Amino acid sequence: TGTPVTVLGLGLMGGALAGAFLRAGHPTTVWNRTTAKADDLVARGAALAGSPAAAIAAAPLVVVCVSDYDAVADVLDGPLDGRVVVNLTSGTPSRARALAEVVARRGGGYLDGGIMAVPEAVGTAEAVLAYSGPRALYDAHASALGSLGTGRHLGDDPGLAATHEMATVVLMWGMLNGFLNGAAILGTAGVSASAYLPIAQTAIGTVAGWLPGYARQADDGVYPAHDGTIDTHLAAMTHVVEESGSLGVNAELPRLARALAERAAAAGHGASGYAALVEQFRRP
Ligand code: NDP
C-alpha cells in the first residue's frame, strides 16, 4: 500500500483527487463540509474523518481542494506539525506565499499546485499538475502525487504555480476570444464556426511555431522584424477595426490590438517585430 493521504474538500475536483488516490492504493482519509459528498468514496474504501483536524492528523500528506482561499483558511484547522499541505485550490500568487508562511508557523510544509485538467482526467497521465514550493518536499511526495496525474515542479517559490496558472489562462482566453471573434466575422458571410475550424486550427499551429523565436526576442529585449513589422500589423488592424464596424460585429479585440501596437510604435517600435508588444504588457 502507498503513503497515507488526506483530502480536504470533496467537490467536483476534490472528489476526483480522492478517487485517484484510492485507485492507486493509497489509504485515503477524507473530509468535506457537506458529509454526504463522501458517501461514494467511503463505499470505495476511504476513511471519513469527523473534522478537518482529525483528517489532518490521519496522514502526513494533506491535499486541500476547496472553492477559494477563505475556505482553505476554514478547513486548515489544528496543528500541522510534520504535515505537508498540498493546496490545489485556485488563487493568487500572493495568497499562496502568505499561506506558505502560515503553514510554516504552524509546523507544516507547504506546496502549492495548479491542476491543468478537468476532474474526469485526474488520475491519468493527461492530467498535468504543476507544483511550487521547496523541491525537497516535492521530491518526498512526488510518487504519491503521481497518482493524480503528471506532476511538474516549477520552482521553490510557492507563488509560481498560481503565477503560471495566470499566464496560462490569459493565453487561453486570448486564443479562444480570437477564435470566437473570427467566427463572428465569418458568420456575417454565412460561414459557420465549424467551417472555420480547420483554418483556425492550422493558424493556431502556425502561431505556435513562431513562439520559440518570440520567446527569445522577449527575453533578449531586441525585436528584429523577421516577418511583419508593427507598422504593417497596424495597417491591417485599422482595416479590421473599420470593417468590423461596417459588418456590425464587435470591434473591441481588434481595437485593443491596435491600441497596443500604436503605443509600441509611438515608443519607437514601428519597424520592430510583433514581439516588441511584450513591453506594453510588462507595464500596468
Ligand atoms: P466545487 O464547487 O465542486 O467544490 C467546492 C468545494 O469547496 C466543496 O467541497 C465545498 O464544500 C468546499 N467549500 C467551499 N467553501 C467552504 C468552506 N467555507 N468551508 C469548507 N469547505 C468549503 O469546486 P471544484 O471542486 O470544481 O473546484 C475546487 C478548486 O479546484 C477550485 O479552486 C477550482 O478553481 C479548482 N480547479 C477546478 C477544476 C475543475 O475543472 N473543476 C480545474 C482546475 C482547478 P461543500 O461540498 O460543503 O459545499
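User: In what sense do strand 5 and strand 6 pair, and over how many bridges?
Analyst: This is a predicted model. Strand 5 covers residues 84–87. Its pairing with strand 6 is parallel, and the number of bridges is four.

User: Which residue of strand 6 is the bridge partner of N87?
Analyst: Strand 5 includes residues 84–87 and pairs with strand 6. The bridge partner of N87 in strand 6 is D112.

User: In what order do the eight strands lie in the sheet, and which are the edge strands?
Analyst: The sheet is open and its pairing is mixed. Its order is 3-2-1-4-5-6-7-8. Pairing on one side only marks the edges: strand 3 (47–48) and strand 8 (150–155).

User: Which strands does helix 1 touch, and what angle does its direction make with strand 1?
Analyst: Helix 1 packs on the sheet. It touches strand 1, strand 2, strand 4 and strand 6. Against the direction of strand 1, the angle is about 165 degrees.

User: At what angle does helix 5 run to strand 6?
Analyst: Helix 5 spans residues 93–105. It lies across strand 5 and strand 6. Its angle to strand 6 is about 145 degrees.

User: Does strand 4 have buried or exposed residues on its two faces, and which are they?
Analyst: In a regular strand, side chains alternate between the two faces of the sheet. Strand 4 is covered on both faces. One side holds L61 and V63, the other V62 and V64, and all are buried.

User: How many bridges join strand 4 to strand 1, and how many to strand 5?
Analyst: Strand 4 runs parallel to strand 1, with V63 as the bridge partner of V7. Strand 4 also runs parallel to strand 5, where V62 stands opposite V85. The count is four bridges to strand 1 and four to strand 5.

User: Why is helix 1 described as largely enclosed, and which elements do its buried residues pack against?
Analyst: Of its 12 residues, 10 are buried, so the rest of the structure largely encloses helix 1. Among them are M13, L17, F21 and L22. The packing partners are strand 1, strand 2, helix 2 (39–43), strand 4 and strand 6.

User: Why does L22 count as buried, and which residues is it in contact with beyond four places in sequence?
Analyst: L22 is found in helix 1. It has 20 C-beta neighbours inside 10 Å, so it counts as buried. The C-alpha atoms of L22 and R44 are 7.5 Å apart, though 22 residues separate them along the chain. Beyond four places in sequence, its contacts are T28, L41, R44, G45 and A46.

User: How much helix and strand does the chain have over residues 5–150 and over residues 157–283?
Analyst: An unreviewed UniProt entry annotates 5–150 as "6-phosphogluconate dehydrogenase NADP-binding". Residues 5–150 are 37% helix and 22% strand. Residues 157–283 are 76% helix and 0% strand.

User: How far apart are the C-alpha centres of domain 1 and domain 2?
Analyst: Domain 1 covers 5–156 and domain 2 covers 188–281. Their C-alpha centres are separated by 40 Å.

Terms used:
Residues are numbered from 1 along each chain as its sequence is written. This is a predicted model: local features need pLDDT of at least 70, side-chain atom pairs count only at pLDDT 80 or more; totals for chains, interfaces and linings use all residues. Two residues are in contact if their C-beta atoms, placed from the backbone, lie within 7 Å. Two strands pair if DSSP finds at least two bridges between them. Axes are lines fitted to C-alpha atoms, for helices over the stretch in contact, and angles run from 0 to 180 degrees between N-to-C directions. Domain bounds come from an automatic or database domain assignment. UniProt positions are given in the numbering used here, feature names are shortened, and annotations may be inferred rather than shown by experiment.
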